[in-house]
Amino acid sequence: MEKLIITAALTGAEVTKDIQPSLPVTPDEIADAAYECYLAGASIVHVHARDEEGNPTQSYDVYKEIKEKIEAKCNVIVQPSTGGATWHTPEERLQPVELKPEMATLSCGTCNFGTDVFMNTQEAMEKFATRMKELGVKPELEVFERGMIENGKRLIKKGLVDSPAHFDFVLGVPGAMSGHPEDLMYMRSCLPEDATWTVAGIGRFETPLATMAILLGGHVRVGFEDNVYYSKGVLAKSNAELVERIVRISKELGREVATPDEARKILNL
Ligand code: KMH
Ligand code: ZN
């Protein structure tokens, strides 16, 4: 089986330091967390930027600072978010793609997101995919619902996303698809045959779905964006602690963990 790619989703747009005191928020904190996760076994870091007040921002300049600070420390793959926060405009969200990162996320449809709506029109998805293709940025197709896989396939069919595409199943967001084992099995069965995939289980779904992905040949995303706990009611000490657990499980199950350069090969970066 291919080696396991572990993505660390370090910050997200929704979690605050009140909820998780170790949440990395400043560019220096995010770069330090990225480096710790890299040392622990992560080959990709999914990053969201925050402004000086700690609020989500899609500012080109802040993403630039984060990317440069991470790249000064290690060769982990830096994957900026184009999802941002639910209230960001598509134009704001697309800004970090101009940094020409190796990868960036591309959300493949609209869904409820907690008490908000996460809006991704066909027009916006095509615009994001077009710009990523022009700049040589590989999209990670974020799917929160079954129908979003079809939207991703449509982008491939239109020639806006290259095959083999890479999907990320984000399962367990309140308001969108749940994260039970049968949900993951179903989503996986709907992918294009040549696609690679990652699963990001939200909250209590994180570790069970990660374990399934290790066994099924998929890849894994963990981190404070998705889950702030190590176990029920016990906060994780750091993003790296969550990565370390996945490395341990994967080794116990006989699957090796990919370095960033090995991940680049698997994902055709
Ligand atoms: N914060 C969510 C509304 C992504 O990073 O691409 C969207 C999100 C997806 O986090
Ligand atoms: Zn994100």
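How many nonpolar, polar and charged residues make up the shell around ligand 1? The shell has 3 nonpolar, 8 polar and 3 charged residues. The legends below describe a predicted model.

**View 1. Residues surrounding ligand 1.** Ligand 1 is surrounded by 14 residues. The closest are Glu-14, Ser-81, Gly-84, Thr-105 and Glu-225. The space that ligand 1 takes up is the largest pocket.

**View 2. Polar contacts to oxygen atoms of ligand 1.** In Thr-105, a polar side-chain atom lies 2.7 Å from an oxygen atom of ligand 1. His-46 places a polar side-chain atom 3.1 Å from a ligand 1 oxygen atom, and for His-48 an N or O atom of the side chain is likewise 3.1 Å from an oxygen atom of ligand 1. The protein buries 98% of the 300 Å² that ligand 1 exposes when taken alone.

**View 3. Protein donors of the zinc ion (ligand 2).** The zinc ion has His-46 (NE2), His-48 (NE2) and Glu-225 (OE) as its protein donors, lying 2.1 Å from it. Along the chain, the donors follow the spacing H-x1-H-x176-E.

View 4. His-46 and His-48 are both buried. Each is a protein donor of the zinc ion, and each also has a side-chain polar atom 3.1 Å from an oxygen atom of ligand 1.

Terms used
Residues numbered from 1 in each chain as written. Chains lettered and ligands numbered in written order. Predicted model: local features only at pLDDT ≥ 70, side-chain atom pairs only at ≥ 80, totals over all residues. Heavy atoms only, no water. Donors = N, O, S within 2.8 Å, 3.2 Å for Na, K, Ca; no water. Buried < 20%, exposed > 50% of the residue type's maximum accessible area, 1.4 Å probe, protein only. Near = heavy atom within 4 Å. Polar contact = N/O pair within 3.5 Å; in protein donor to acceptor, adjacent residues only side chain to side chain. Areas by Shrake-Rupley, 256 points an atom, 1.4 Å probe, with all protein chains shown as cover. 1 Å grid on protein atoms, 1.4 Å probe; cavity = no way out; pocket = protein on both sides within 12 Å on 5 of 7 lines; lining within 4 Å. Sits in = over half its atoms within 2 Å of the grid points. Nonpolar A, V, L, I, M, F, W, Y, C, P; charged D, E, K, R; others polar.
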